[in-house]
Every structure is written in C-alpha cells, then in structure tokens.
Amino acid sequence: MLNPNKLRLKYFLIPFISLMIIFFFLTFIATTNSIKRSTNDFEAEASRIAIAYSNVLAKSNEAYTTITKLLDDKLAISPGHQPRD
C-alpha cells in the first residue's frame with residue numbers, strides 16, 4: 001500500500017519543480033533581453049556623442065582658421081607692420 005504522505009509530496013514536488021524551472025527560464029530570457037536592449041541603447045548613445053564631438057571639433061577648427069585669418073588681416077592693415085611670409 002502506498003504511503004499517503006509520499007503521494008502528497010509527489011503531487012507537490014512535480015508541479016513545484018516544474019514551476020521553478022519555468023520561472024528561472026523566463027527570468028533568464030527577460031534578463032538577457034534587458035541586457036541586450038541596454039547594450040544597444042549605450043552603443044547608440046555613444047555613437048551620437050561621437051558624432052556631436054566630431055562636429056564640435058570641426059567647428060572649432062573652422063573658428064580657429066577664421067579668427068587667425070581675421071587677426072592676420074587686421075595686422076596687415078595696421079601701420080608699421082611688416083607682413084609675414
């Protein structure tokens with residue numbers, strides 16, 4: 001004859017273990033997807049920052065060239081100035 005306590009334990013353990021496996025599997029999938037999404041967001045933000053930084057460098061180089069030319073022109077028209085070669 002079967003022991004009723006063992007029978008109850010069997011009916012409890014099988015669903016419990018099944019639910020635990022499903023829970024851990026779903027948690028793993030959710031965590032993996034969250035990490036992938038965060039990584040993609042970080043890469044996109046880094047790309048945007050790099051483009052912005054590149055634009056700032058280009059504009060600062062352009063500004064430096066313009067200011068240097070304006071100062072050279074101002075020096076060229078000042079009295080007693082010898083032009084640079």
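Let me start with Asp73, which forms a salt bridge with Lys69, the closest N and O atoms being 3.1 Å apart; by salt bridge I mean a side-chain nitrogen of Lys or Arg within 4 Å of a carboxyl oxygen of Asp or Glu. Please keep in mind that this is a predicted model, in which local features need pLDDT of at least 70 and side-chain atom pairs count only at pLDDT 80 or more, while totals for chains, interfaces and linings use all residues. Residues are numbered from 1 along each chain as its sequence is written, and side-chain values use heavy atoms, with hydrogens and water left out.

Lys69 counts as exposed at 52% relative accessibility, whereas Asp73, at 36%, counts as partly exposed; the cut-offs are under 20% relative accessible area for buried, over 50% for exposed, and partly exposed in between, with a 1.4 Å probe and protein chains only.

A search of the whole structure finds 2 salt bridges, and another pairing joins the side chains of Glu45 and Arg48, at 2.7 Å from N to O. Glu45 and Arg48 are 3 residues apart in helix α1, which covers residues 4-77, and so they too are separated by about one helical turn. Glu45 counts as partly exposed, at 38% relative accessibility.

Key: Helices (H or I, at least four residues) and strands (E, at least two) are DSSP runs, numbered from the N terminus.
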